[in-house]
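Subject: Structure handover

Hello,

Here is the structure I promised to pass on. Please open it beside this email and follow along.

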Amino acid sequence: MPVLVEHVLGSFDGEPVRLLELERPVELMGCSWQTLRQLMLESDVETFKLLGYASQIGTWARQHRFCGSCGALMELLPGERAMHCPRCEVQHYPRLSPSMIVLVTRGDEVLLARSPHFASGVYSTLAGFVEPGETVEQCVVREVREEVGVEIRNPRYIASQSWPFPHSLMLGFHAEYAGGEIVPQPEEIEDARWFALTDLPTLPSTYSIARYLIELYRAQRLGLGEPSLPS
Ligand SMILES: NC(=O)C1=CN([C@@H]2O[C@H](COP(=O)(O)OP(=O)(O)OC[C@H]3O[C@@H](n4cnc5c(N)ncnc54)[C@H](O)[C@@H]3O)[C@@H](O)[C@H]2O)C=CC1
Ligand SMILES: [Mg+2]
Ligand SMILES: [Zn+2]
């Protein structure tokens, strides 16, 4: 195989696991290439966690081959998960992008939206990347305002999830509606509506924290058993 670089990842079921980054996709007997999204839908949670980790390490190392400060070829630092510049000594650790995701509610109704690239009919919670200088709570307020023009109150942290598409760390919140009419952000939001908990549209994958936030609130309001977050 045309191996570009090899990363030792750890072990799985007692066996050592390595990630081989190939120069190009080659045909391998008995194997086929799949996207990480397909694998999320088809794997068990433990396997997907390993694949998500491998994908994030591979993406980070591939995108940090050269030093962003001086342009020199970077090296993997032995004994640490870091890329190191031998010329100017800069270190780059795997990249994580903190992102908030929030379920906005109004009694027995939840605010869900569609982005133009969702599968047909699917509605989800609002999400967005944290910007430099803001707290996650400020990000929740800003993103909801930008994406649907609605004001919220009491943003409350619920749970988090690693989301390897390509390197998000999802910070899940619940917030209450405080005012305003829904105005979808042009281009970003195709449609946004209030849905009754007893009449929800097609929801995102059961693996997602978006789905968990919705199911958790539904369980709490309707007195059902609480879901568990696969993470
Ligand atoms: N696990 C889950 O349940 C869900 C996860 N997500 C993830 O949340 C993240 C944020 O969601 P979006 O609504 O797409 O974000 P968003 O509302 O901030 O808009 C996306 C835009 O942000 C910019 N962007 C891209 N990467 C960035 C980065 N690393 N830092 C700052 N800005 C960046 C680009 O201009 C992009 O078009 C994505 O990674 C998405 O995959 C979104 C919904 C559900
Ligand atoms: Mg968004
Ligand atoms: Zn350098």
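Below is what I found, from the whole protein down to single residues.

**The model as a whole**

First, a caution: this is a predicted model. The confidence scores come next. Mean pLDDT for the protein is 96, and 100% of its residues reach 70 or more. The ipTM is 0.96 and the pTM is 0.94. Where pLDDT is low, the coordinates of a prediction should not be read in detail.

Now the overall build. The protein has four helices and eleven strands. Its C-alpha trace spans about 55 × 45 × 30 Å along the principal axes. There are 231 residues, and 42% of them count as buried.

**Two domains**

The domain assignment gives domain 1 (3–92) and domain 2 (97–222). Eleven residues from domain 1 and eight residues from domain 2 take part in the contact. The C-alpha centres of the two domains lie 30 Å apart.

How much area do domain 1 and domain 2 bury between them? The value is about 830 Å², with 71% of it on carbon and sulfur atoms. On the domain 1 side, Arg37, Met40 and Gln56 lose the most area to domain 2. Together these three make up 53% of what that side buries.

How many salt bridges cross the interface of domain 1 and domain 2? The rule finds zero.

Start with Cys67. Look for it in the loop between helix H2 (45–63) and strand S3 (75–76). Its relative accessibility is 4%, so Cys67 counts as buried. What does Cys67 contact, leaving aside neighbours within four places in sequence? The residues are Ala72, Met74, Cys85, Cys88 and Val90.

Then look at Cys85. This residue lies in the loop between strand S4 (83–84) and strand S5 (91–92). Is Cys85 buried or exposed? Cys85 counts as buried, because its relative accessibility is 0%. Not counting residues up to four places away in sequence, Cys85 touches Cys67, Cys70, Ala72, Met74 and Val90.

**Salt bridges**

Side chains of opposite charge can pair when their charged atoms come close. A search of the whole structure finds 16 salt bridges. Here are some to look up.

One of them joins Arg114 and Glu190, with the closest N and O atoms 2.7 Å apart. This pair links distant parts of the chain, 76 residues apart. Arg114 sits in strand S7 (residues 109–114). Glu190 is in the loop between strand S10 (168–179) and strand S11 (191–196). Arg114 has 8% relative accessibility, so it counts as buried. Glu190 is at 45%, so it counts as partly exposed.

Now move to Arg142. It forms a salt bridge with Glu143, at 3.2 Å from N to O. It also forms one with Glu146, at 3.3 Å from N to O. Where are Glu146 and Arg142? Both lie in helix H3 (residues 136–148). They are four residues apart, about one turn of the helix.

Arg142 has 15% relative accessibility, so it counts as buried. Glu143 has 8%, so it counts as buried. Glu146 has 37%, so it counts as partly exposed.

Which residues are linked with Arg142 in a network of salt bridges? The network holds Glu131, Glu134, Glu143 and Glu146 along with Arg142.

**Where to begin**

Then follow Arg114 to its salt bridge with Glu190. Finish at the salt-bridge network that includes Arg142.

Best wishes

Note on methods: Residues are numbered from 1 along each chain as its sequence is written. Chains are lettered from A and ligands numbered from 1 in the order in which they are written. This is a predicted model: local features need pLDDT of at least 70, side-chain atom pairs count only at pLDDT 80 or more; totals for chains, interfaces and linings use all residues. Side-chain values use heavy atoms; hydrogens and water are left out. Helices (H or I, at least four residues) and strands (E, at least two) are DSSP runs, numbered from the N terminus. Buried means under 20% relative accessible area, exposed over 50%, partly exposed in between (1.4 Å probe, protein chains only). Contact means heavy atoms within 4.5 Å. pLDDT is the predictor's confidence in each residue, from 0 to 100. Domain bounds come from an automatic or database domain assignment. Buried area is the accessible area (1.4 Å probe) that two parts lose on being put together, summed over both. A salt bridge is a side-chain nitrogen of Lys or Arg within 4 Å of a carboxyl oxygen of Asp or Glu.
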